[in-house]
Amino acid sequence: MLRRSVYVVFMAVVLAFFAVPMLWLASAPFDSDPGLGLRWPDWTLDNWRITFDHPYALGSLVNSIVLCVVATAVTTVLGTLAAYALSRVRIPGRDALLYLLLLLSSVVTGTAAMVPIFVMMFQLGLINSQYATGLVIAGGMLPAAIFILKDFIDSVPRSYEESARVFGASPTQVLLHVVLPVARPGIATILVWAFVQAWGNFLLPFLLLRDVEQQPAAVLLRTLKDEGGSANLTVIPVFSLLYAIPVVALYLFVSKRYGFRFHGGIKA
Amino acid sequence: MGAIELTGLSTVYPNGVRAVDSLDLAIRDGEFFALLGPSGCGKTTLLRTIAGLEQASEGVVSLAGSDVTRVEAGKRGVAMVFQDYALFPHMTVAQNIAYPLRVKRAPKQAQTAAAESKAAGLGLSALLERRPAQLSGGQQQRVALARAIAMEASVLLLDEPLSNLDARLRLDARTFLKRLQRDLGLTTVFVTHDQAEALALADRIAVMSDGKIRQLGTPKEVFQRPADTFVANFIGSTPMNLLPGSVSDGLVEVAGARLAPPADLALTDGTPVVAGIRPEYLRRSTDGITGTVSIVENLGVTSLVTIECPGDTLVGLTVPEHEEPEIGATLTASPDQGRLLLYHGETNQLLGEAAVAD
């Protein structure tokens, strides 16, 4: 009995710890005087009007979407094709190559490569280009995406493809009719993962997009301050809520549309 | 139209294994042909080489008289059912069956019509909208067959068609498969490691080991007159007695007995031989191989009795039910007329003709 009460109390504390920020995110945007604490809101929509009037707030969310769509599309498409090739074709040193890529990927877009990346992009004249920044982010995510997708495609039985080949399917048809649909849950996972990674990426856009008009939400959030230099608590709660919505929406959509796993058809 | 001819065919894997080793084989049009052998004997590789999924390293594969050795899988007019069936899990039964037509970009109506007619022929009409995961093993197998038939190929290849079904269903599927093959008249080659399956289904059997064909013949030939001791050992649900012995005075001395050799064989004294007698062809008699009963195994209608003979030789024979001897009793048995086979003691080859009179 005592153990059970201790357990319940412990779980309640842990739950509250995680629930408070969520409740803040739900209530503060509608409070006439939002603070950092949690309280029953004094209902108003003024914060929303002020945020929408902010010169860069909505624009930065659009920038974020552009950046993430580029990065996610490049990562998912190239990652899938590369993973399929690496899974099916035997080349010497394949596993070493994969591990090396994975190891380096954390360096490539990590803090260690900050200066070289900036210099390179500067010399290429690609500073302040959202597409170029999207490509750099995708470059950093690709090794991990390939690694995860290869594992996934490895588990797709070869007899599916061989069966399609025997019936006369061309390599493109094999890919489109069989491999992609069967690997769809894995691809969907990578798609959401890549989007979330790119959406929350601060360092690269901060370095490569110097123009405030081009900056994504993650970077703009840092600059939301009032005249006194302290956090602008009128705009930040609304902006945070808006910032959280696309990721949650994408997750729900993908999990509903593609997240289920096909099985059967192979008699094991 | 669907004859297959293999000439000097070898398939060598990159690691140097000669899975199929300079093999010659002609399969007739409309024949139901079995490739039989233990695992690792190259039978599946041979089937995949015919399908075009493995590239032949040497030799020629020809189908219906034309050389297809370098033709891609899918352009050879060869359909195949995989051991695991490989039904596409994201497609319905109808889509699976119509897949060979979809690849050829046939109109949607033709695809639906093909799916419906093939499904009707195999008793799958009620299942057209299901996905493979919602089917039983036997249903999945029939969908895989329907899909292969929908390709309208002249040759059908089956990789271990019955191995994934449970024992009871396997017998039904065996009968079903044999009737289907007869109705379609397709040249059909199947791979199996189960000798009973090969004997029951095939018109002719090739028994393989180490990438080579050890014996090619009708089920009757392979069962009654195995060409060497390997085939003799492999075929038959109870293992054949293979007893080393020698020839003296024109008689065969094995297991402490002297047996009369087959009439048409001229044997020189001192030749080392291996006598092969199936347990089913040994009868109790007054004269012959004598030993002490050590084990009795019940096989249903018959029992397999193992007797210990002089020289620590074990000999098995089957006896009808109700006639089982006591353990420890002495029992004498002799082979039925014409059922004693003699193999050369060194080459392990059958002495005499392998052909059987019907």
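Leaving aside neighbours within four places in sequence, A:Ala138 is in contact with A:Ala71, A:Val74 and A:Thr75, two residues being in contact if their C-beta atoms, placed from the backbone, lie within 7 Å. The structure is a predicted model, in which local features need pLDDT of at least 70 and side-chain atom pairs count only at pLDDT 80 or more, whereas totals for chains, interfaces and linings use all residues. Residues are numbered from 1 along each chain as its sequence is written, and chains are lettered from A and ligands numbered from 1 in the order in which they are written.

A:Ala138 is found in helix H6 (residues 130-154) of chain A, where helices (H or I, at least four residues) and strands (E, at least two) are DSSP runs numbered from the N terminus. A:Ala138 counts as buried because 24 other C-beta atoms lie within 10 Å; a residue is buried if 20 or more other C-beta atoms lie within 10 Å of its own, exposed if 12 or fewer, and partly exposed in between, with C-beta atoms placed from the backbone. A:Ala138 and A:Val70 are separated by 68 residues in sequence, with a C-alpha to C-alpha distance of 8.1 Å.

Between the two chains, 21 residues of chain A are in contact with 27 residues of chain B. On the side of chain A that touches chain B, H7 and H8 of chain A are the elements that give two or more residues, and H7(A) gives the most, with 6 residues. By class, this side of chain A holds 11 nonpolar, 7 polar and 3 charged residues, where Ala, Val, Leu, Ile, Met, Phe, Trp, Tyr, Cys and Pro count as nonpolar, Asp, Glu, Lys and Arg as charged, and the others, Gly among them, as polar. Helix H7 (residues 158-166) of chain A is mostly covered, 8 of its 9 residues being buried; among them are A:Tyr160, A:Glu161, A:Arg165 and A:Val166. The buried residues of H7(A) pack against helix H8 (171-182) of chain A, and also against helix H1 (43-51) and strand E6 (78-81) of chain B. H7(A) is followed by A:Gly168, whose phi is positive, near 100°.

Within chain B, the axes of helix H2 (residues 93-103) and helix H4 (residues 137-150) come within 7 Å and cross at roughly 25°. Axes are lines fitted to C-alpha atoms, for helices over the stretch in contact, and angles run from 0 to 180 degrees between N-to-C directions. H2(B) is therefore roughly parallel to H4(B), a term for angles under 35 degrees. The residues of the contact of H2(B) with H4(B) comprise 9 nonpolar, 1 polar and 1 charged, including B:Val93, B:Asn96 and B:Tyr99 in H2(B) and B:Val143 and B:Arg147 in H4(B).

The domain bounds come from an automatic or database domain assignment, which divides chain A into domain 1 (2-44) and domain 2 (56-257). Their contact takes 5 residues from domain 1 of chain A and 7 residues from domain 2 of chain A, and the centres of these domains, taken over C-alpha atoms, are separated by 32 Å. For chain B, the assignment gives domain 1 (4-225) and domain 2 (231-344), with 38 Å between their centres, again taken over C-alpha atoms. Here the contact takes 9 residues from domain 1 of chain B and 6 residues from domain 2 of chain B.

Note on methods:
Angles under 35 degrees count as roughly parallel, over 145 as roughly antiparallel, 65 to 115 as roughly perpendicular and the rest as oblique.
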